[in-house]
Amino acid sequence: MTIHPSPQLWLYDTTLRDGTQREGLSVSIEDKLRIARRLDQLGVPFIEGGWPGANPKDVEFFWQLQEHPLKQAEIVAFCSTRRPHTTAATEAMLQAILNAGTRWVTVFGKSWDLHVTAGLKTTLAENLAMIRDTIEYLVSQGRRVIYDAEHWFDGYKHNRDYALQTLEVAIAAGAEWLVLCDTNGGTLPQEISQIVESVINHISLIVTSEPIPQIGIHTHNDSGTAVANALAAVIAGAKMVQGTINGYGERCGNANLCTLIPNLQVKLGYSCIAEHQLNQLTEASLFVSEVVNLAPDEHAPFVGRSAFAHKGGIHVSAVERNPLTYEHIQPEQVGNHRRIIISEQSGLSNVLAKARTFGIELDKDQPAARQILERLKELESEGYQFEAAEASFALLMYEALGKRQQFFEVKGFQVHCDLVEGKEINNALATVKIGVNGKDILEAAEGNGPVAALDAALRKALVNFYPQLATFELTDYKVRILNGHTGTAAKTRVLVESGTGYQRWTTVGVSPNILAASYQAVVEGLEYGLFLHSQLGSR
């Protein structure tokens, strides 16, 4: 039997240029270099680094990569066609592009006659000359050119003949790729398919010798169809897909490569990146979101924390028997993993499955299993939320099984926040009384607010007994009012995330008193961290 190789598809990442146009997203040179190297490791063939000459940051970025090149990816410089009524050879902007030292340059030009006359304020003929002159000049300087046909689909629908002329000029000038851009993000998949197929047929008629320029696709998400549009274009014959990690981009974003790559490779059988790189996709998504300082989308397809999370008892029971019942691919293919969610909707199957993730084997006939489920539902009815606080649920399980270790006992605490001339000051003072190994310890500590002070006092009291506490950090703190109609008497839920740098866990506290809820979550966070450390030490 002959095994045919998967058809090759070329990925083009524009996170560092188009992605950075997202509102609220800003990156330094160091950030851009870290992301570029992570994309290189992921196996993305083309990485658009920015517009050299448009700002000092992009100039420095390309200089840095000349000194320390990427291992496998082509770094691409981006620019527009020359200005009207000039020449490319005298255009200072293009000199900066050449100085960037990249083998590939992406040039964008106008496809829509409206943009030519209203935006550039020039003639249709001059726009064609701008496209031709710019590409010819770059090719004469030894550069390979990707031509981005901006506003292509709008231009094609309003003036088909002129839009096609812009591509014909780009081909004649030496462009190797013609990327059709849905710049306004308003085109729908069926239109994308028809127009891409029409363009490919047109090119095959006008280009009679090899090499024939290939078609690419660049979509925006203003209609919520960026990924669907890119898939439609590929099915119609496009060979390059442009997009960004996590779908970052201006307005509603760009086509999300973290969704496109597994759909193209796992579902449609295209060769995009190597299999060992595909299972790095979730890690790469989280890495980029961390570098750009944006919270990851937990519900993102394939790479989100909830992408393979199961909450309903019937679902969990079915997935335990056969994952195909509620999972469209194996989570490990994209570097993700299955999660069993614990909530008031849980059945015994959730509890048993969740227990296994903590190394606890429970039988449904064990009294402890039913006790854990009943206690879970009771606490959730009071406002606890264990699907977001798995460490607290683990402690609940160990307590029901009689295996919860008592590392310390909090015998009391006080928190003071002083006011000076009617103005609140930042520092708070917390005093705690702790019992450890039969000894009572009284300690006080200041902090930037009452929760930080309480956390500091607890650590100060315990660190001599448990030195590993020095590695624990309180990494996040969230407060939710559960019954706002009761005003200041409302019940409060506090979620505290703790970590050591290589592990993170979340605990929950609920009380009408925000300090009591915080105390519970902070104490359980320290307790669970000590438990983890004891488990590692016993291995």
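In the predicted model, Lys 157 has a relative accessible area of 40% and is thus partly exposed. Its salt-bridge partner is Glu 191, with the closest N and O atoms 3.3 Å apart. The two residues lie in distant parts of the chain, 34 residues apart: Lys 157 belongs to helix α6 (residues 152–158) and Glu 191 to helix α8 (residues 189–206). Glu 191 is likewise classed as partly exposed, at 23% relative accessibility.

A second salt bridge joins Glu 74 to Arg 103, where the closest N and O atoms are 2.1 Å apart. Glu 74 counts as buried because its relative accessible area of 19% falls under the 20% limit; Arg 103, at 46%, is partly exposed.

Strand β3 (residues 74–80) pairs with strand β4 (residues 104–110) in the parallel sense over five bridges. Within this pairing, Ser 80 has Phe 108 of β4 as its bridge partner. Helix α3 (residues 92–99) packs on the sheet and touches both β3 and β4, its direction making about 180 degrees with that of β3. The two strands are part of a closed barrel of eight strands, β1-β2-β3-β4-β5-β6-β7-β8, with parallel pairing. On average, neighbouring strands of this sheet are turned by 25 degrees against each other, direction ignored.

In total, 23 salt bridges are counted. One of them links Arg 404, partly exposed at 28% relative accessibility, to Glu 399, with the closest N and O atoms 2.9 Å apart. Both residues belong to a salt-bridge network that also includes Glu 524 and Glu 527.

Technical notes. Residues numbered from 1 in each chain as written. Predicted model: local features only at pLDDT ≥ 70, side-chain atom pairs only at ≥ 80, totals over all residues. Heavy atoms only, no water. Pairing = 2+ DSSP bridges. Helix = DSSP H or I, 4+ residues; strand = E, 2+ residues; numbered from the N terminus. Axes fitted to C-alpha atoms, helices over the stretch in contact; angles between N-to-C directions. Contact = heavy atoms within 4.5 Å. Salt bridge = Lys/Arg side-chain N within 4 Å of Asp/Glu carboxyl O. Buried < 20%, exposed > 50% of the residue type's maximum accessible area, 1.4 Å probe, protein only.
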